[in-house]
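Dear colleague,

Please find the structure below. My notes on what was found in it follow.

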Amino acid sequence: MIEVKSISKRFEESEVLTEINAHFQKGKTNLIIGQSGSGKTVFLKCLLGLHIINKGEIIYDGKSSNEMSDFDKLNLRREMGMVFQGSALFDSMSVLENVRFPLDMLTSLAKDEKEERALKFIKRVNLQDAINKLPAELSGGMQKRVAIARAVVMNPKYLFCDEPNSGLDPKTAIIIDKLIQEITNEFQITTVINSHDMNSVIEIGENIVFLKDGLKIWQGTNKEILNSGNEQVNDFVYSSELVKKLK
Amino acid sequence: MVKISFSKSCKKSILYKQIFKEINDLVLDSIPIVSILSFFIGGVVAIQMALNLESPLLSKTLIGFATRQSVILEFSPTFISIIMAGKVGSYITSSIGTMRVTEQIDALEVMGINSLNYLVFPKIIAMLLYPFIITISMFLGIIGGLLAMALTGVPSEAYIEGIQTDFDGYHVTYSYVKTLVFSFVLATVPAFHGYYMKGGALDVGKASTQSFYWTSIIIIILNYIITQLLLA
């Protein structure tokens, strides 16, 4: 579980996040949603430790980020997995090498064990027929699946996904969303997904944090968001004419 | 950047693999272009020397002497380094820059890997073999001069005698000192431009151009400083 207590993030004169309080639950798909420019990516990068917060604290399973030494932070980083918006696969490596990479770099497992573990996760994301392919030879959806396998191969406690279904067709997007949700439940990971896709919100939003202009406006579940009663949330959720009509 | 790239080392086996890959990409792959350039430029230098030393009062051995001095002191260490700023420097900047743009460097950092150590350190170590390329360049430059003289009708004996005349080993030492300094510049300046670049694909091209610009300028300025310190 991740608890966020009154965090603020400032870049020079502009405050991007202001006094954010939120919690992200273990074994659930937690979503950060909001319009472009609302501060979602900065918030996610703060949770990852890629941005240093100016105020407040982030508590990872009882351990406050403010009380961690550099060594603790490095160890915490190794308990995190990340699925990037553009997949961020290593171009020169095959699917198998990409998934095995964190094991090669960070563990002292035998070669066979690493191979076995990487193959287990590749199989989990249904890419066993593409293990020798390079990222350039894969479709966008397949690249995302490799990225998910690579992110979870180290059995992380925390999984962060930055718009994992952006650029994908609606059907593939739902497959990716469902895959993340299944893996989250199966391995009891605290998953935080950055998204502005309403399909994802409805499909997998077990815990949703809504941001606007760097402020947390609302937190709830996918069952509650359609009837939140909050004007700003409604403005975002019902921004499409189609959804309005459906309502 | 250099300090961080030498700290928090990745696993040794991974680093060795990366170093061998970089030796192949940066050093071995550069041998063909350096060989061709050195051979022909050596020939041109010898022909131009011959053209300027037509007086019967001047010994033909001076052609070999002047070609050797030009190639060892300046052409091989400095001008080959500027050409390498284009070849190796662009490769380093664009490969690291593309990794930055496509979030691959962020992916390394999120995994808790020191990305500078993984990406830049092997390049610095691989470039320690750069003097090997310059040795080939010196040898082929002088051989190119010999062949050009043979085709021009200058006796080979005079050229060979010339390249042995007043040979000073210190000049070779000076040349290798320059080469080692330039090898560090060739690995680090382009890596800096690639690693700290911002923007998209178009900016990778701009960063490569900037990297060549600054690497060349730094090499030329260092060339002057080292020459002032060691030869003046």
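A residue is called buried if 20 or more other C-beta atoms lie within 10 Å of its own, exposed if 12 or fewer do, and partly exposed in between, with C-beta atoms placed from the backbone. The model is predicted, so local features need pLDDT of at least 70 and side-chain atom pairs count only at pLDDT 80 or more, while totals for chains, interfaces and linings use all residues. Residues are numbered from 1 along each chain as its sequence is written, and chains are lettered from A and ligands numbered from 1 in the order in which they are written.

B:Leu119 counts as buried because it has 25 C-beta neighbours inside 10 Å. This residue, B:Leu119, belongs to helix α6 (residues 115-119) of chain B; helices are DSSP runs of H or I with at least four residues, numbered from the N terminus. B:Leu15 lies 104 residues away from B:Leu119 along the chain, yet their C-alpha atoms are 9.4 Å apart.

Chain A has domain 1 (2-79 + 157-246) and domain 2 (91-155), with bounds from an automatic or database domain assignment. Their centres, taken over C-alpha atoms, are 25 Å apart. Contact (C-beta atoms, placed from the backbone, within 7 Å) joins 12 residues of domain 1 of chain A to 11 residues of domain 2 of chain A. On the domain 1 side, helix α6 (residues 170-187) of chain A gives the most, with seven residues.

Between the chains, 13 residues of chain B and 15 residues of chain A take part in the contact. Helix α5 (residues 104-110) of chain B supplies the largest share of the chain B side, five residues.

Yours sincerely

Methods: Two residues are in contact if their C-beta atoms, placed from the backbone, lie within 7 Å. Helices (H or I, at least four residues) and strands (E, at least two) are DSSP runs, numbered from the N terminus.
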